[in-house]
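Welcome! Below is a short tour of a structure that may be new to you. Have a look at it before reading on.

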There are 2 protein chains.
Amino acid sequence: MSERVLYLVGAGLADVRDLTVRALRTLARADLVLVDTYTSVYELRERELRRLLRALGHDPPEIRPCSREELEERFFEVVGEAERVAVLSPGDPMVATTHATLAVEAARRGWSVRIVPGVSILTAGPGRAGLELYRFGRTATIPLRVRSVYPYDVLERNRDADLHTLFLLEAASEREYVSVADAVRYLLELEREEGRGVVSPDDEVIGVLRLGFEDELVVRGTVHEMSGCWDPGPPQALIYPARLRGPEREFLELLVPHVRDARRRGE
Amino acid sequence: MSERVLYLVGAGLADVRDLTVRALRTLARADLVLVDTYTSVYELRERELRRLLRALGHDPPEIRPCSREELEERFFEVVGEAERVAVLSPGDPMVATTHATLAVEAARRGWSVRIVPGVSILTAGPGRAGLELYRFGRTATIPLRVRSVYPYDVLERNRDADLHTLFLLEAASEREYVSVADAVRYLLELEREEGRGVVSPDDEVIGVLRLGFEDELVVRGTVHEMSGCWDPGPPQALIYPARLRGPEREFLELLVPHVRDARRRGE
């Protein structure tokens with residue numbers, strides 16, 4: 001039997017246009033493509049993907065959506081006899097821990113593993129706001145449903161070291177997600193409970209909403225103002241900057257609209 | 001006169017295959033594409049780019065290499081009357097501060113600015129090593145020629161907080177660059193001078209060499225072992241991990257070869 005290969009392929013931010021040529025060629029080479037539909041919300045529809053592969057002269061492979069349970073518990077059953085299996089996930093495939101675990105499991109069974117990186121919100125979000133990537137400290141996720149002091153702790157540490165903080169906001173589905181407005185309220189509540197002087201309603205923050213989608217919105221405003229930010233749906237992220245340096249300040253003022261103007265547009 | 005637009009386009013890791021469909025369509029729409037050849041070393045050759053644009057049904061625009069001096073000092077002279085100008089740079093376009101400054105300058109002159117993100121070593125490097133992106137602290141660059149205690153300071157802070165550290169290694173050209181072997185020697189020298197117990201020859205590190213290129217090499221080994229790492233040329237990066245968690249340890253052992261085996265291959 002010939003060698004079996006698992007390709008972990010990053011789909012990028014929003015839709016098929018965010019795939020790299022390398023990712024497309026990898027998908028074309030696979031016998032089976034499983035589209036991971038749960039680690040983020042995105043619009044990579046199978047039909048569009050088939051069309052793009054055909055436009056590039058490739059015969060599309062079998063493409064199937066794949067649930068969390070299938071990916072985490074029944075993967076080697078689901079793939080059947082397929083020899084070259086690609087798992088396509090939003091952003092960069094290695095941002096979700098699930099995929100590292102899957103890679104380990106496949107390697108243990110003697111499969112080869114190939115990673116095809118994708119554009120991630122971790123760099124595209126800060127870049128879109130004109131903030132220096134070298135000035136970011138640790139990233140944290142603001143979770144749905146669970147109350148956790150962890151994001152507040154991360155923010156405190158980063159602010160103490162004069163570093164920017166990127167918050168990823170959990171999205172379980174198109175309807176269940178943390179919005180930028182939810183996120184600032186979450187942080188304000190933690191401030192009321194913890195009282196360590198980390199979050200003030202007057203701090204300036206940046207909302208990164210649906211980056212890469214047609215209705216992308218990147219806006220600045222105070223924590224207080226952002227609590228009224230328009231909500232176009234997931235995915236969203238929040239950046240809590242450290243003290244801004246000259247070019248960062250200029251970029252923000254010239255190239256990132258104020259949330260109050262953007263709200264008017266959304267209403 | 002119609003609106004002028006500056007597109008800052010990320011080219012991804014290594015060559016034209018790392019362009020996204022969105023980046024390719026943006027380039028096709030430009031009147032002039034300037035290829036930034038100095039913020040990193042990569043192999044995006046104009047001829048290959050033209051071929052790919054034609055394959056996708058686009059008429060290639062004018063494509064020209066662009067020096068640092070042209071980009072930083074004579075940009076608005078160099079572009080002449082072109083209305084839609086794309087600057088194509090390796091990785092993500094916003095990782096280099098130059099591009100944020102250029103965006104500000106263009107906005108001041110009334111141009112629109114659009115950012116098309118690219119795959120960056122900042123996420124692809126850690127992902128290729130199976131390390132959790134949430135566990136990374138601040139990133140630092142190890143410079144050529146200059147001796148700076150800054151990378152050592154960043155490492156100390158990250159290690160104190162049990163966070164991984166990614167070091168980008170400066171590359172001025174195909175011949176002048178910092179290799180993984182240089183980088184570990186640089187850190188060991190700083191340890192001898194500073195003596196704060198941050199770097200030990202026995203610490204395990206990961207070398208990320210020419211990620212995305214045909215001769216890509218990702219290897220693990222101690223600081224001491226890595227000082228003898230094979231050198232295939234730039235770009236290179238070094239990861240100094242914090243204490244590894246279960247799945248990170250397994251990934252590394254199963255999917256990242258030891259530097260001593262890879263050295264044999266290179267010799």
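Predicted model: local features only at pLDDT ≥ 70, side-chain atom pairs only at ≥ 80, totals over all residues.

Which residue of β4(A) does V35(A) stand opposite? V35(A) faces L88(A).

Residues are numbered from 1 along each chain as its sequence is written, while chains are lettered from A and ligands numbered from 1 in the order in which they are written.

**Chain A as a whole**

Chain A has eleven helices and ten strands; helices (H or I, at least four residues) and strands (E, at least two) are DSSP runs numbered from the N terminus. Its C-alpha trace spans about 65 × 35 × 35 Å along the principal axes.

Buried residues account for 51% of the 267 residues in chain A. A residue is buried if 20 or more other C-beta atoms lie within 10 Å of its own, exposed if 12 or fewer, and partly exposed in between, with C-beta atoms placed from the backbone.

**The sheets**

Let us return to the strands. Two strands pair if DSSP finds at least two bridges between them.

Elsewhere in chain A, β8 (residues 204-209) has five of its six residues buried, so it is largely enclosed by the rest of the structure. In its pairing with β9(A), E204(A) has T222(A) as bridge partner, and in β10(A), Q236(A) is opposite L209(A).

| Strand | Partner | Bridges and direction |
|---|---|---|
| β2(A), residues 32-36 | β4(A), residues 84-89 | Four bridges, parallel |
| β8(A) | β9(A), residues 217-222 | Six bridges, antiparallel |
| β8(A) | β10(A), residues 236-240 | Four bridges, antiparallel |

**Two domains**

The domain assignment divides chain A into domain 1 (5-116) and domain 2 (121-266); such bounds come from an automatic or database domain assignment. The centres of the two domains, taken over C-alpha atoms, are 30 Å apart. Their contact takes seven residues from domain 1 and ten residues from domain 2, where two residues are in contact if their C-beta atoms, placed from the backbone, lie within 7 Å.

**Where the chains meet**

The contact between the chains takes 46 residues from chain A and 47 residues from chain B. Elements giving two or more residues to the chain A side include α1 (21-29), α6 (121-128) and α10 (246-255) of chain A. The most comes from α5(A), with seven residues. This side of chain A divides into 25 nonpolar, eleven polar and ten charged residues; Ala, Val, Leu, Ile, Met, Phe, Trp, Tyr, Cys and Pro count as nonpolar, Asp, Glu, Lys and Arg as charged, and the others, Gly among them, as polar.

**A stop in chain B**

Finally, F213(B) sits in the loop between β8 (204-209) and β9 (217-222) of chain B. F213(B) is partly exposed, with 17 other C-beta atoms within 10 Å.
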